[in-house]
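This report describes the structure shown below.

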Amino acid sequence: MDKDVSAGSGITTVAGRLALGITLLAFGLGHTAVIDGVSAADAASIAQYVGGIALFVAGLVALREGDAAGGTAFSLLGALWFTWAVSDSASGNGAGLFLLLFALVALSLTLAGGDQLGQGVYGLFFVALLLMAVAEFAGSDGLTKVGGWFAVAAGAVAWYAATAALAHWPTVLPRRAAGRGVTATG
């Protein structure tokens, strides 16, 4: 195994983030109903193969490469997407519980640290899943659409993170030095 590649910076992370981005965009757009005739059910095959299988495999490869954070995230999210894609018989409360449990996984991934873009993806995904879980429990289509938009935002950030790594674009926000910035004049 090549030890010169830092954990989480390799092609496995890029592939995982692209798979997650594609899946989140399809899932989110399906729930927003912004595209006429496209529903969340239309995202099921993308979720099963790209989000489920490809992301799970990326997770296993990342774990083999020694990237515990990426491997954990991708394999768990692969399991989420595969399960979501193949289960269509859950009641409203059952679906709400499923979304709530995976919202907690996304919250754990957010709080685990890592780079800013990764935390942004998982944080937005947490909000999306939480809103969709509450929507399932309450039977609120409007809240489901809002959750869908958060999933779209998470997908866009994941897609940017992968593209930025490949194109060598900025992946962190610049920080100001302490004590610098706006000063009061008196």
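## Basis and fold

Helices (H or I, at least four residues) and strands (E, at least two) are DSSP runs, numbered from the N terminus. On that basis the elements of the protein run α-α-α-α-α-α from the N terminus on, which comes to six helices and zero strands. Of the 186 residues, 39% count as buried, where buried means under 20% relative accessible area, exposed over 50%, and partly exposed in between (1.4 Å probe, protein chains only).

This is a predicted model: local features need pLDDT of at least 70 and side-chain atom pairs count only at pLDDT 80 or more, while totals for chains, interfaces and linings use all residues. Residues are numbered from 1 along each chain as its sequence is written, and side-chain values use heavy atoms, with hydrogens and water left out.

## Helix α1

Helix α1 spans residues 11–32. From its first C-alpha to its last, α1 reaches 31 Å with 22 residues, close to the expected 32 Å; the expected span is 1.5 Å times one less than the number of residues. α1 is mostly covered, with 16 of its 22 residues buried. A33, which follows α1, has a positive phi, near 60 degrees.

## Packing of α1 and α6

α1 packs with α6 (residues 141–167) at an angle of about 155 degrees, and their axes are 7 Å apart. Axes are lines fitted to C-alpha atoms, for helices over the stretch in contact, and angles run from 0 to 180 degrees between N-to-C directions. The two helices are therefore roughly antiparallel (angles under 35 degrees count as roughly parallel, over 145 as roughly antiparallel, 65 to 115 as roughly perpendicular and the rest as oblique).

By class, the contact of α1 with α6 has 19 nonpolar, seven polar and two charged residues. Here Ala, Val, Leu, Ile, Met, Phe, Trp, Tyr, Cys and Pro count as nonpolar, Asp, Glu, Lys and Arg as charged, and the others, Gly among them, as polar.

## Salt bridge

The structure holds one salt bridge, defined as a side-chain nitrogen of Lys or Arg within 4 Å of a carboxyl oxygen of Asp or Glu. It joins the side chains of D115 and R17 at 2.9 Å, N to O. D115 lies in the loop between α4 (92–111) and α5 (116–138) and R17 in α1, so the pair ties together parts 98 residues apart in sequence. D115 is partly exposed at 33% relative accessibility, whereas R17 is buried at 14%.

S87 is found in the loop between α3 (68–86) and α4. With a relative accessible area of 38%, S87 is partly exposed. S87 and A44 are 9.6 Å apart in space, C-alpha to C-alpha, and 43 residues apart in sequence.
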